[in-house]
Amino acid sequence: MKEGPLGIYLMAFLIPLNAKWLGFGVLIIILEQIIRRTPIRKENIKKQLSLKNPGLWLFLFYFMHIVGLIHTENLAFANMDLGMKATLAIFPVFFLLYQPLVRWPAFVKCFVFGAFASILVNVALSMEAFLNSGAFYYMRGSNLSQMMHRGYWAVYLLMAYLFLLKMAIVAVDRIKIFLNLLGALFIAVFVVLSESKVGYLLLAVISIWEVVKFIKAHKNKWLIPIAAAVFVGGGILVYTLMPSAVQRISKTFEVMSKPLESYDKTGAESTTARLFVWDASVDLIKENFWFGVGTGDIKDELRQRNLDKGYTGVAQMNLNSHNQFLNSHVAIGVFGSLFLLMTIVSNLFKFNPDPFRSWRLGIVFILFIALLPESMLEVQAGIIPYAFFLTFLTAFKPKV
């Protein structure tokens, strides 16, 4: 028990592994503090009661969902939504009261091991399906990500990828540098295999950013051509061996270059579907700018607006806005989307001391980008990790 908090390490391991187990992780984190009889310190509460604290904005974001009940007709969905998003309020309060003493290297390793475990489990499940059917598509795309949506899985794999690159940058021993880079390359392969478009974008940005930092830190002139060769070689391999991935990317650029009126409104291809629901969402925002349509009525209103605009494909699929800022604005109004944005922006404020700022900003950047093409805070696979990271990262105390 002295090496705790075990619940925090468990949560780090579970996030990239299986979304269905995250509720169990939340329970362990809370029960552990009760069993330990951890004292509540006033100085920690005073420290966390700050506009710099993302947890405060996250709690206000959840509070706006409660306010949204005032003009909601579909109370059944509203109550389900409030229950599903409860950790958006639980974690801010929990970390306001408790300041966990965490070994950061242990936390990072637990997360990375969880990412590796998720890869092994998904490969095993996909391999079984592949051997039974002989269809190779079970080893890539959404068929490879068996435990959660591939977009979310790619996001959490990329966090582990970021961690490994950062550990390679600070490592002194050559063996550790090599092993961290090899692990990062291994994870990058599965981000590519996931065929997640947001995964590809983040993979490129993180790679370029961290490789530049790696080259500056180690000051070796041979690193530049080696890094360039890896990027070029990887691109050639993807282009040659994964035509489906190339087609997804080219299709996205093709769709984005056309006017909205030229699309087949009855279709539901991933990129066109997003453009349709974004268009319908913007319409609803214009009409319900201040307070939204109500916490429980968003799906009904969005579906009806899609039907009104002739977007029958996405209406039949009952899709959400596929952008969390749009989705939240439609549901609970401008203050909801503003408070959500502040959970990100507040991380840019400097804390003193803040030795893990670069790690925190990297994680928050990944989460922010993920919110743009997905409504991550509408499913457990996004809600709990988002609530956990945004509150834990500014609340924990590093254990030496």
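The side chain of Ser126 makes a polar contact with the side chain of Gln146, at 3.5 Å. This value, like the others below, comes from a predicted model. Ser126 is found in helix H7, which covers residues 104-133. Is Ser126 buried or exposed? Its relative accessibility is 0%, so Ser126 counts as buried, because buried means under 20% relative accessible area.

Gln146 is one of several residues that Ser126 touches. Leaving aside residues up to four places away in sequence, Ser126 touches Tyr138, Met139, Asn143, Leu144 and Gln146.

Helix H7 itself has 30 residues. From its first C-alpha to its last, H7 reaches 43 Å, close to the 44 Å expected at 1.5 Å a residue. What follows H7? Gly134 does, and the phi of Gly134 is positive, near 80°.

An α-helix has 3.6 residues a turn, so residues three or four places apart point the same way. Not counting residues up to four places away in sequence, Ser207 touches Tyr161 and Phe231.

| Serine side chain | Partner | Distance |
|---|---|---|
| Ser126 | Gln146, side chain | 3.5 Å |

The last topic is the surface. Which residues form a nonpolar patch there? They are Ile175, Phe178, Leu179, Leu182, Leu185, Val189, Trp222, Ile226 and Val230, and together they have about 940 Å² of accessible area. Two or more residues of the nonpolar patch are given by each of helix H9 (174-194) and helix H11 (223-241). H9 supplies the largest share of the patch, six residues.

Val230, one of the patch residues, has its place in helix H11. Val230 counts as partly exposed because its relative accessibility is 48%, and partly exposed lies between the buried limit of 20% and the exposed limit of 50%.

Definitions and conventions
Residues are numbered from 1 along each chain as its sequence is written. This is a predicted model: local features need pLDDT of at least 70, side-chain atom pairs count only at pLDDT 80 or more; totals for chains, interfaces and linings use all residues. Side-chain values use heavy atoms; hydrogens and water are left out. Helices (H or I, at least four residues) and strands (E, at least two) are DSSP runs, numbered from the N terminus. Buried means under 20% relative accessible area, exposed over 50%, partly exposed in between (1.4 Å probe, protein chains only). A polar contact is a pair of N or O atoms within 3.5 Å; within protein, one must be able to donate a hydrogen and the other to accept it, and residues adjacent in sequence count only if both atoms are side-chain atoms. Contact means heavy atoms within 4.5 Å. The expected span of a helix is 1.5 Å times one less than its number of residues. Patches are made of residues with over 30% relative accessible area and no salt bridge: like charges are joined within 9 Å, nonpolar side chains (Val, Leu, Ile, Met, Phe, Trp, Tyr) within 5 Å. Accessible areas come from the Shrake-Rupley method with a 1.4 Å probe; for residues, only the protein chains shown count as cover. A salt bridge is a side-chain nitrogen of Lys or Arg within 4 Å of a carboxyl oxygen of Asp or Glu.
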